[in-house]
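This report examines a single protein chain, moving from individual residues to the overall fold. Please keep the sequence and the model in view while reading.

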Amino acid sequence: MIEWLAEPWQLPFMQRAFLVALIAAVVCVVVGTFVVLRGMAFIGDAVAHAVFPGVAVGFVLHANLSLTGAAAGIVTAVAIALISQSRRLNEDTVIGVFWAGSFGLGIVIVSTQDAYTGDLTSFLFGQILALGDGDVIAVAVVGAVLVALTFVLRRQLIAVSLDRETAKATGIPVLALDIVLYAMVTAAIVVALQAVGNVLVLALLVTPAATARMATERLATMTIAASVVAAFGSVAGLYVSYHYDLAAGGMIVLVLTGLFLLAWLAAPKHGLLWKRRASA
């Protein structure tokens, strides 16, 4: 058993994979907690798809895919935040429009090329086993900035998440905070792209926080519990992926999904089995 656990750590590429997975997990939890609290999980999916055309543009221009993807995601996030202020359309409707439009744009851009390449495919499905030292440093720096920014703005973000109208009445800049949060979601998604790819990135952003939400009402406890869930799921997924030669990103997501289902069944007070026992 000890050999089974220790073997992956002897390989440099697995050491980098574990480190990036842990950083991405914690960053996505810190930002994703507010996403779940506000009931806006759809924004994560929309921004993930909005990153895709930026990545496609970077691929066509032979530019840095992370930078072009982040730029496209931030532009889309700001547009969603601004247009969502209209009372004629709710946030989900605006997000749906940009979700489809962004992904359609990405498909059109990619279709102008003769063939797909590994670089573009890696952003769709993750490249965590092929990361270099520079990638690890970039993920760590962006992650540290996001965690610090969330800590500084946490009280205002909580106020807006719980009651937007009251927050606006007390002078809190709701629109500016929406834009900042959307930009943070975009940055977290770009970080997570390294681990699980564009297709599965929503799982890191939402699933750990949703799992913790099943067990606690307190935000601080929820964030800590979600971080533990995300870290365990990421590491366990990488172990299974390594030993059984399975897709790393997909395996991480499956482990996290399994933990969510376990919480849904057995979480104290809110779990299905707990409720049935209480009603018996």
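## Serine 161

In this predicted model, S161 has a relative accessible area of 14% and is therefore buried, since buried means under 20%. The residue belongs to helix α7, which covers residues 133-162.

The side chain of S161 comes to 2.7 Å from the backbone oxygen of L157. Leaving aside residues up to four places away in sequence, S161 touches F34, L37 and R38.

## Helix α4 and alanine 81

Helix α4 runs over residues 65-83, and A81 is part of it. The helix has 19 residues, and the distance from its first C-alpha to its last is 27 Å, close to the 27 Å expected at 1.5 Å a residue. Its buried residues are L65, S66, T68, G69, A70, A72, G73, T76, A77, I80 and A81.

Is A81 buried or exposed? Its relative accessibility is 1%, so A81 counts as buried. Apart from residues up to four places away in sequence, A81 touches L175, D178, I179 and Y182. By contrast, 31 Å separates the C-alpha atoms of A81 and I128, two residues that lie 47 places apart along the chain.

S241 is located in helix α10. With a relative accessibility of 4%, S241 counts as buried. Residues up to four places away in sequence being set aside, S241 touches L246, A247, A248 and M251.

R218 is found in the loop between α9 (174-213) and α10 (219-244). Because exposed means over 50%, R218 counts as exposed at 61% relative accessibility. From C-alpha to C-alpha, R218 and T186 are 25 Å apart in space, and 32 residues separate them in sequence.

In soluble globular proteins, nonpolar side chains tend to be buried together. In this model, the largest nonpolar core has 76 residues, and those with the most contacts inside it are I43, I128, I189, L204 and L238. The elements that give two or more residues to this core are α2 (12-37), α3 (41-61), α4, α5 (91-111), α7, α9, α10 and α11 (248-266). Which helix gives the most to this core? That helix is α9, with 21 residues.

Not counting residues up to four places away in sequence, L204 touches A24, A25, C28, A192, A195, V196, S234 and L256.

## The chain as a whole

The secondary structure of the protein chain consists of 12 helices and zero strands. The radius of gyration is 19 Å, close to the 19 Å given by the globule rule for 280 residues, so the chain is as compact as a globular protein of that length. Along the principal axes, the C-alpha trace spans about 55 × 55 × 35 Å.

Of the 280 residues in the chain, 46% are buried. The chain exposes about 13,600 Å², and carbon and sulfur atoms supply 68% of this area. Among contacts between residues at least 6 apart in sequence, 73% join residues at least 24 apart.

Notes: Residues are numbered from 1 along each chain as its sequence is written. This is a predicted model: local features need pLDDT of at least 70, side-chain atom pairs count only at pLDDT 80 or more; totals for chains, interfaces and linings use all residues. Side-chain values use heavy atoms; hydrogens and water are left out. Helices (H or I, at least four residues) and strands (E, at least two) are DSSP runs, numbered from the N terminus. Buried means under 20% relative accessible area, exposed over 50%, partly exposed in between (1.4 Å probe, protein chains only). Contact means heavy atoms within 4.5 Å. A polar contact is a pair of N or O atoms within 3.5 Å; within protein, one must be able to donate a hydrogen and the other to accept it, and residues adjacent in sequence count only if both atoms are side-chain atoms. The expected span of a helix is 1.5 Å times one less than its number of residues. The radius of gyration is taken over C-alpha atoms; the globule rule is 2.2 Å times the number of residues to the power 0.38. Accessible areas come from the Shrake-Rupley method with a 1.4 Å probe; for residues, only the protein chains shown count as cover. A nonpolar core is a set of buried Ala, Val, Leu, Ile, Met, Phe, Trp, Tyr and Cys residues joined through side-chain atoms within 4.5 Å.
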